[in-house]
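Dear colleague,

I am handing over the structure below, and my notes on what was found in it follow directly after.

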Amino acid sequence: TPCQGSSELISDNGYVVAHDGFYNKLVLLVNDGAQRLRLGENGRRLAVGRFSWNNTIEKYMNLMKEIL
């Protein structure tokens, strides 16, 4: 659902929809295998890029350097 930050995180990985639009997007994904695949691949790429252990550790170490 639309809320602060959701559209930035989702971007090419899915849809931001109000409750009344959920059904239509679900039907679209059920009927469009290529779209499901594209969104899934984009979501995985985002998750690995932003939240991998190496990336998280690097961000944490940079934060510690700034603090100390």
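Phe51 counts as exposed because its relative accessibility is 54%, where exposed means over 50% relative accessible area, buried under 20% and partly exposed in between (1.4 Å probe, protein chains only). Please bear in mind that this is a predicted model, in which local features need pLDDT of at least 70 and side-chain atom pairs count only at pLDDT 80 or more, while totals for chains, interfaces and linings use all residues. Residues are numbered from 1 along each chain as its sequence is written, and side-chain values use heavy atoms, with hydrogens and water left out.

Phe51 belongs to helix H3 (residues 33-51), helices being DSSP runs of H or I with at least four residues, and strands runs of E with at least two, numbered from the N terminus. Neighbours within four places in sequence aside, Phe51 touches Leu46 and Thr56, a contact being heavy atoms within 4.5 Å.

Trp53 lies in helix H4 and is likewise exposed, with a relative accessible area of 70%.

As for the chain as a whole, the protein chain has four helices and zero strands, and its elements run α-α-α-α from the N terminus on. Buried residues account for 12% of its 68 residues. Of the contacts in the protein chain between residues at least 6 apart in sequence, 35% join residues at least 24 apart.
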